[in-house]
Amino acid sequence: MMQTTQFEDMKEGLDYKYYCEGKWKKSTSGKTIPIYNPYNNELVGNIQACKKEEIDRIIQCARDNIECWKDTPLNERVDILRKAAKLIRDWAEPLGQKLMKEIGKPIKSAISEIVRTADIFEGTSDFASTLGGETIMGDAFEGFTREKISMSYRVPLGVVLCIGPFNYPFNLTGSKIAPALVAGNAVVMKPSTQGAITALHYGIILQEAGVPPGVFNIVTGRGSEIGDHLIGNSGIDMIAFTGSSETGKSLARTAGMKPLLLELGGKDAAIVLDDANIELTVKSIVSGAFSFSGQRCTAVKRVLPMPKIADKLVEMVVGETLKLSVGDPEQNNTIGPLISSKQCDFVQGLIDDALEKGASLKCGNKREGNILWPTVLDNITTDMRIAWEEPFGPVLPILRINSAEEAINISNKSEYGLQGMIFTENLDLAFNIAQELEVGTVQINGKSSRGPDHFPFLGTKSSGLGTQGIKYSIEAMSRPKAVVMNLSEKGKLVRECKAGE
Ligand code: G3H
């Protein structure tokens with residue numbers, strides 16, 4: 001498992017290097033950033049704090065390799081991605097172990113994040129093989145003839161900057177790298193600081209798979225220190241980012257006219273109608289709210305139940321929540337540490353605010369280290385912060401409603417618009433409500449989630465810009481190039497319509 005000499009080049013002791021020109025390098029800043037296991041505070045390793053001049057060099061290196069990669073035939077790029085997928089799959093276990101230590105994700109979910117990434121690399125290869133353009137005749141508009149023909153095909157954008165989040169540091173960088181590379185772009189990846197060690201392994205994986213040196217590069221450092229320098233750099237042609245809405249908005253201001261693909265926050269509401277299948281609804285809500293301790297953009301972040309089902313629903317949700325295991329991610333407990341104590345303080349602040357304003361605590365509200373016990377709050381009202389703010393932690397607010405219209409209003413009043421859910425047996429009504437919700441996706445009788453990864457995944461309002469998903473990401477990272485043939489009319493065949501006998 002994971003046998004290649006490159007692992008020796010990648011780090012010295014616990015110091016991981018950054019990756020540029022196909023080589024592992026130490027920053028001349030002499031500074032590193034420690035990464036601690038959020039569960040037990042043990043040092044996992046240190047990453048390089050790259051300097052601005054090093055970032056410029058990395059971007060230049062990617063630029064210098066745009067042409068060689070663009071000219072590599074698509075079938076060869078696809079082949080390389082398939083090899084990368086195989087390596088990722090073969091190394092799922094050790095990479096999952098690293099990921100678990102670095103971000104505190106339960107071990108099974110950590111390994112499945114890696115496997116899911118291999119699936120994305122394969123799916124991207126499959127779709128890219130069918131990528132084509134279109135041919136359009138000019139005669140749809142008056143004054144033009146079929147002698148004017150537009151032929152278009154897709155070309156890469158240049159250098160794509162892929163910035164991933166801490167909660168899926170391997171998968172949500174991979175879901176950007178694969179489409180960027182297959183479309184023929186050179187890539188600069190900036191992983192989130194927490195999660196960077198696992199993501200740095202792309203340097204090894206892609207080199208082993210055959211990506212030429214310099215086509216794929218990795219820069220590490222604190223976003224607060226180097227983010228603007230990266231984003232504003234004129235050598236970057238497109239940015240794909242996953243992270244908070246606040247950072248996404250600031251990124252968009254700095255990026256200027258660069259094309260953007262942004263996956264940001266959410267406040268996904270589950271509308272539960274009186275006739276819902278209660279077992280299915282409870283299961284979906286509890287796993288949707290609490291997997292990875294609620295640290296998912298698509299977590300169920302509000303429940304809006306109708307009056308007749310509300311009491312039973314709350315009782316069953318609390319019952320299921322109390323069954324969730326809490327503790328060490330290595331033992332695969334569902335609830336583990338949040339990414340930082342600062343994040344725990346923030347979530348606790350939301351809970352305290354709700355309780356001060358009269359919410360009913362049904363379970364949870366206990367903290368040990370970075371672990372917050374899964375917390376269910378009933379009788380949430382719209383003056384409470386938890387009704388609107390995204391916790392990114394294990395807290396589930398229940399806002400009881402009296403009508404579908406009220407549910408639609410509360411859902412839509414959010415600054416976010418990632419996904420919505422409707423639980424009901426009445427599919428006609430579900431479709432009508434779905435049409436009213438101002439979100440990227442509505443799940444009927446299912447929890448909110450990004451996958452499967454060939455589905456379109458997008459958010460409205462503060463939840464994002466552009467559409468992800470295998471086909472959509474490739475499209476976002478390429479553009480049509482049209483060549484128009486203007487034929488002479490010399491060879492035109494002239495035929496007249498014949499009147500009937
Ligand atoms: O955190 C944001 C992710 O895109 C959520 O993905 O729904 O598969 O957990 P997921």
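**Exercise 1. Work out how helices α4 and α7 are oriented relative to each other.**

Step 1: In this predicted model, find α4 at residues 74-90 and α7 at residues 171-182; helices are DSSP runs of H or I with at least four residues, strands are runs of E with at least two, and both are numbered from the N terminus.

Step 2: The two helices pack at about 155°, and their axes are 9 Å apart. Axes are lines fitted to C-alpha atoms over the stretch in contact, with angles from 0 to 180 degrees between N-to-C directions.

Step 3: Angles over 145 degrees count as roughly antiparallel, so α4 and α7 are roughly antiparallel.

Step 4: Leu74, Arg77, Val78 and Leu81 of α4 meet Ala178, Leu181 and Val182 of α7 (contact means heavy atoms within 4.5 Å).

Residues are numbered from 1 along each chain as its sequence is written. Local features need pLDDT of at least 70, side-chain atom pairs count only at pLDDT 80 or more, totals for chains, interfaces and linings use all residues, and side-chain values use heavy atoms, without hydrogens and water.

**Exercise 2. Decide whether Lys17 is buried or exposed, and find the backbone oxygen that its side chain reaches.**

Step 1: Look in the loop between β2 (15-16) and β3 (18-20).

Step 2: Relative accessibility is 12%, so Lys17 counts as buried (under 20% relative accessible area; exposed is over 50%, partly exposed in between, with a 1.4 Å probe and protein chains only).

Step 3: The Lys17 side chain reaches the backbone oxygen of Asp9 at 3.1 Å.

Conventions
A polar contact is a pair of N or O atoms within 3.5 Å; within protein, one must be able to donate a hydrogen and the other to accept it, and residues adjacent in sequence count only if both atoms are side-chain atoms. Angles under 35 degrees count as roughly parallel, over 145 as roughly antiparallel, 65 to 115 as roughly perpendicular and the rest as oblique.
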